Amino acid sequence: MSAQPDHAPVTPYAPAPGAPAELLAQLRADRRAERWVPTFEREWAAALEESRRTFSLAALYEVIQVWQTRVASAPAVDAFLASGRDDSEFVDLEEIRSRRR
């Protein structure tokens, strides 16, 4: 019998060391910079504080991953909005929540 596990453990996402600086440069160069940069900086500061408190990098990694995904998907969102497609079937969760109140 082997003492090795029969499956490979899931490797947690770990961004490259320069990922935060590269991401911030991308955000500053984007046309949405006025909104995105302050939001990213707030989320990064909160994640940094949490990592100091918990001694875990998970929150920092999550902020990077979410923003990398947001930046990567922005062209598709722009294309959808520019296409004039009907999104009236979209479910507005805020509207549903306000109806429950």
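I count a contact when heavy atoms lie within 4.5 Å. With that rule I looked up Ser 51. Setting aside neighbours within four places in sequence, I find Ser 51 in contact with Ser 56 and Leu 60. Ser 51 is in helix 2. I use three classes of relative accessible area: buried is under 20%, exposed is over 50%, and partly exposed is in between (1.4 Å probe, protein chains only). Ser 51 has 10% relative accessibility, so I list Ser 51 as buried.

**Ground rules**

The model is predicted, so I ask for pLDDT of at least 70 for local features and 80 or more for side-chain atom pairs, while totals for chains, interfaces and linings use all residues. Residues are numbered from 1 along each chain as its sequence is written, and side-chain values use heavy atoms, with hydrogens and water left out.

**Overall layout**

I take helices (H or I, at least four residues) and strands (E, at least two) as DSSP runs, numbered from the N terminus. The protein chain has 4 helices and 0 strands. Along the sequence I read the pattern α-α-α-α. Of the 101 residues of the protein chain, 19% count as buried.

**Helix 2 against helix 3**

For axes I use lines fitted to C-alpha atoms, for helices over the stretch in contact; angles run from 0 to 180 degrees between N-to-C directions. At what angle do helix 2 and helix 3 pack? Helix 2 (residues 33-54) and helix 3 (residues 58-83) pack at about 160°, and their axes are 8 Å apart. That makes helix 2 roughly antiparallel to helix 3. My cut-offs are under 35 degrees for roughly parallel, over 145 for roughly antiparallel, 65 to 115 for roughly perpendicular, and oblique for the rest.

The crossing of helix 2 and helix 3 is right-handed. A crossing is left-handed if the near helix is turned anticlockwise from the far one by less than a right angle, and right-handed if clockwise. On the helix 2 side, the contact residues include Trp 36, Phe 40, Trp 44 and Ser 51. On the helix 3 side, they include Leu 60, Ile 64, Trp 67 and Val 71. By class I get 12 nonpolar, 2 polar and 3 charged residues in the contact of helix 2 with helix 3. Here Ala, Val, Leu, Ile, Met, Phe, Trp, Tyr, Cys and Pro count as nonpolar, Asp, Glu, Lys and Arg as charged, and the others, Gly among them, as polar.

**Rings**

I pair rings of Phe, Tyr and Trp (its six-membered ring) if their centres lie within 6.5 Å; planes under 30 degrees apart are stacked, over 60 edge-to-face, and the rest tilted. The count comes to 3 aromatic pairs. Phe 40 and Trp 44 are stacked, at 6.0 Å centre to centre with 20° between the planes. Both sit in helix 2, 4 residues apart, which means about one helical turn between Phe 40 and Trp 44.

Which of these is buried? Phe 40 is, at 3% relative accessibility. Trp 44 is partly exposed at 22%. Phe 40 also pairs with Trp 67: the ring centres are 5.9 Å apart and the planes at 85°, so I log this pair as edge-to-face. Phe 40 is in helix 2 and Trp 67 in helix 3, so the pair ties together parts 27 residues apart in sequence. Trp 67 is buried at 1%. Trp 36, Phe 40, Trp 44 and Trp 67 form one aromatic cluster.

**Helix 1**

The axes of helix 1 (residues 19-29) and helix 2 come within 8 Å and cross at roughly 155°. So helix 1 is roughly antiparallel to helix 2. Their contact includes Leu 23 and Leu 27 of helix 1 and Trp 36 and Phe 40 of helix 2. I get 9 nonpolar, no polar and 2 charged residues in the contact of helix 1 with helix 2.

Against helix 3, the axis of helix 1 comes within 11 Å and crosses at roughly 35°. The crossing of helix 1 and helix 3 is left-handed. Among the residues in this contact are Leu 23 and Leu 27 of helix 1 and Trp 67 of helix 3.
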